[in-house]
Amino acid sequence: MNQMSAQGVLRFSERRAAPRFPVRMPVKVRDREGRVTEAMAINISTGGMLIAPAQEHVAPGGELALDIGDVAHGVMARVAGHRKQGTGLQFVDAHEGERLALTLSELAQRSA
């Protein structure tokens, strides 16, 4: 790996404040205009989650309300960015993100 590639990987990994773990849970996504779309949670951390497909109709910085399976309803998240794997979201309320990540990790461990 050349030095430029190594720096790019390092910068990307340093942006993540919390470890992520994989999940597979349906998510209903509601934007500010009231449009509701279906997505799937791909991974989650205490700070946010990745959902697919990408919600490209919402620009980075835009807010969405999430209904995450039967676990949580009306969770507010801000679009951090889009990539081919989906849309990265940051939870607006850090405490709610911590509670949600703990709940989903417990559910994943029980089903494993």
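View 1. Gly81 has a relative accessibility of 13% and so counts as buried; here buried means under 20% relative accessible area, exposed means over 50%, and partly exposed is in between, using a 1.4 Å probe and protein chains only. This is a predicted model, in which local features need pLDDT of at least 70 and side-chain atom pairs count only at pLDDT 80 or more, while totals for chains, interfaces and linings use all residues. Residues are numbered from 1 along each chain as its sequence is written, and side-chain values use heavy atoms, with hydrogens and water left out. Gly81 sits in strand S5; strands (E, at least two residues) and helices (H or I, at least four) are DSSP runs, numbered from the N terminus. Leaving aside residues up to four places away in sequence, Gly81 touches Pro60, Gly86, Thr87 and Gly88, where contact means heavy atoms within 4.5 Å. Look also for Gly61, which is 20 residues from Gly81 in sequence and 8.1 Å from it in space, C-alpha to C-alpha.

View 2. Six strands make a closed barrel in the order S1-S2-S3-S6-S5-S4, with antiparallel pairing; two strands pair if DSSP finds at least two bridges between them. On average, neighbouring strands of this sheet are turned by 45° against each other, direction ignored. Helix H2 (residues 94–111) packs on the sheet and touches S1, S2, S4, S5 (72–83) and S6. The direction of H2 makes about 125° with that of S1; axes are lines fitted to C-alpha atoms, for helices over the stretch in contact, and angles run from 0 to 180 degrees between N-to-C directions.

View 3. Strands S3 (residues 48–52) and S6 (residues 86–91) run antiparallel and are joined by four bridges. Follow Met49 across to S6 and you reach its bridge partner, Leu89. Ala52 and Pro53 are joined by a cis peptide bond, with omega about 0°. Most peptide bonds are trans. Pro53 belongs to the loop between S3 and S4.

**View 4. The largest nonpolar core.** This core has 22 residues, and those touching the most other members are Val27, Ile44, Met49, Leu66, Ile68, Leu89 and Leu100. A nonpolar core is a set of buried Ala, Val, Leu, Ile, Met, Phe, Trp, Tyr and Cys residues joined through side-chain atoms within 4.5 Å. S1, S2, S3, S4, S5, S6 and H2 each give two or more residues to the core. The contacts of Leu100 include Ile44, Ile68, Val71 and Phe91.

**View 5. Salt bridges.** Side chains of opposite charge can pair when their charged atoms come close. A salt bridge is a side-chain nitrogen of Lys or Arg within 4 Å of a carboxyl oxygen of Asp or Glu, and by this rule there are five. In one of them Asp67 meets Arg30, with the closest N and O atoms 3.9 Å apart. Asp67 is in S4 (residues 63–68) and Arg30 in S1 (residues 21–30), so the pair ties together parts 37 residues apart in sequence. Asp67 is buried at 17%, whereas Arg30 is partly exposed at 33%. Another pair is Arg32 and Glu63, at 2.7 Å. Arg32 lies in the loop between S1 and S2 (36–44) and Glu63 in S4, so here the linked parts are 31 residues apart in sequence. Asp31 and Arg35 also form a salt bridge (2.7 Å, N to O), and together with Glu33 they are linked in a network.
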